[in-house]
Amino acid sequence: MRPDVEAMKADIEQSVALLRRRLDWDVALRKLDELNARVEDPTLWNDPAAAQTVSRDRSRLATQIDAVRAMEQELEDGVMLAEMADEEGDEAALEDARAQLKAIKERAARAELEALLSGEADGNDAYLEVNSGAGGTESNDWAGMLLRMYSRWARAHGYEVELEAEEGGEQAGIKSATIQIKGPNAYGWLKSESGVHRLVRISPYDAAAKRHTSFASIGVSPVVDDAIEIDINPSDVRTDTYRASGAGGQHINKTDSAVRLTHIPTNTVVACQAGRSQHQNREQAWKMLRARLYELELQKREAAAQALADAKTDIGWGHQIRSYVLQPYQMVKDLRTNVETSDTQGVLDGDLDAFMGAALAARVGETRGSTTE
């Protein structure tokens with residue numbers, strides 16, 4: 001077997017073995033059998049909330065087990081193809097085998113990281129909020145770039161993206177926006193992205209072509225279902241209605257359909273304008289508020305998350321988690337993990353896995369490489 005094929009085979013086998021250990025393979029198989037039996041019990045559905053939880057847990061565990069089995073089978077097939085191609089001197093088939101093994105290796109590495117997503121809300125959908133910092137048009141444009149970056153990352157990984165609210169900038173970009181990202185482990189992957197993001201570039205809005213520094217903040221909250229109780233006193237919440245802006249149909253700018261909720265004790269503000277009626281927007285805004293308050297509770301339980309919350313108090317110097325430098329050189333660097341890359345365009349197009357993976361590994365005391373090519 002060729003040395004490079006042998007090396008990829010060893011790497012994949014190591015990742016698969018680690019996944020089996022993290023899943024506690026024999027225990028996971030027994031648990032899946034138990035969950036399958038519970039799902040098939042018709043009395044379970046007498047309690048819809050419990051049924052939903054069991055069904056979600058079963059689906060998540062089955063997906064993890066099936067992924068390991070699929071990688072093992074594909075590894076066996078890929079190695080067999082490589083050995084046959086090597087024996088027959090078929091370089092084209094050998095390249096196909098290499099490509100197949102490389103794809104399996106990448107999937108195994110991602111699955112290895114996903115196995116670290118053990119937080120109580122890591123498997124949930126997520127709300128991602130973007131807010132521009134001081135700086136007017138420059139920061140608004142940067143906030144718009146970040147919204148595009150995260151939307152592209154989400155769609156590239158098969159997640160569904162829904163715009164919940166958006167306030168446009170006067171000349172370009174956005175002042176703020178909230179999107180909901182739907183899919184397995186969305187919150188687990190995105191939670192480490194909360195914080196201030198700094199951009200350095202030659203401004204396209206400066207006739208003198210000077211270098212500008214802009215800031216915008218990202219906030220991520222898990223979407224919580226009815227099984228998680230969040231006690232909110234209605235008297236603590238101020239409700240404001242206003243006319244929605246932007247694309248959305250004939251009702252836009254004709255009725256006060258948009259809803260903004262302010263939780264006075266925590267000064268937490270959410271807004272929704274995506275629905276076609278005030279009733280729809282009010283219902284969704286309450287879901288968003290529950291998610292934000294749940295995230296605050298999670299932050300209280302984690303010292304690291306509390307430090308992150310402190311960093312959000314000022315969208316500016318000294319609080320950034322990541323720098324995106326486009327001038328005078330090309331570099332994106334995460335200031336927490338030291339992961340960096342010169343492929344700035346790739347990152348702005350949504351290639352964020354190296355940063356998210358390193359941050360996730362760091363949260364559980366593991367390390368990853370510090371530089372991506």
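In this predicted model, Asp-122 is buried, with a relative accessible area of 3%. Asp-122 forms a salt bridge with Lys-191, and the closest N and O atoms of the two are 2.8 Å apart. This pair connects distant parts of the chain: Asp-122 belongs to the loop between H4 and S1, while Lys-191 belongs to the loop between helix H6 (186-190) and S4, 69 residues apart. Lys-191 also counts as buried, because its relative accessibility is 11% and the limit for a buried residue is under 20%.

A second salt bridge joins the side chains of Arg-201 and Glu-138 (3.4 Å, N to O). Arg-201 lies in strand S4 and Glu-138 in helix H5, so this pair ties together parts that are 63 residues apart in sequence. Both Arg-201 and Glu-138 are buried.

The strands named here belong to an open sheet of 8 strands with mixed pairing, in the order S2-S3-S1-S5-S4-S9-S10-S11. Strands S2 (160-168) and S11 (340-341) stand at the edges with a single partner strand each, so one side of each has no neighbour in the sheet. Helix H5 (residues 137-156) packs on the sheet and touches several strands, among them S1, S2 and strand S4 (195-202).

Strand S2 also contains Glu-164.

Terms used
Residues numbered from 1 in each chain as written. Predicted model: local features only at pLDDT ≥ 70, side-chain atom pairs only at ≥ 80, totals over all residues. Heavy atoms only, no water. Pairing = 2+ DSSP bridges. Helix = DSSP H or I, 4+ residues; strand = E, 2+ residues; numbered from the N terminus. Contact = heavy atoms within 4.5 Å. Axes fitted to C-alpha atoms, helices over the stretch in contact; angles between N-to-C directions. Salt bridge = Lys/Arg side-chain N within 4 Å of Asp/Glu carboxyl O. Buried < 20%, exposed > 50% of the residue type's maximum accessible area, 1.4 Å probe, protein only.
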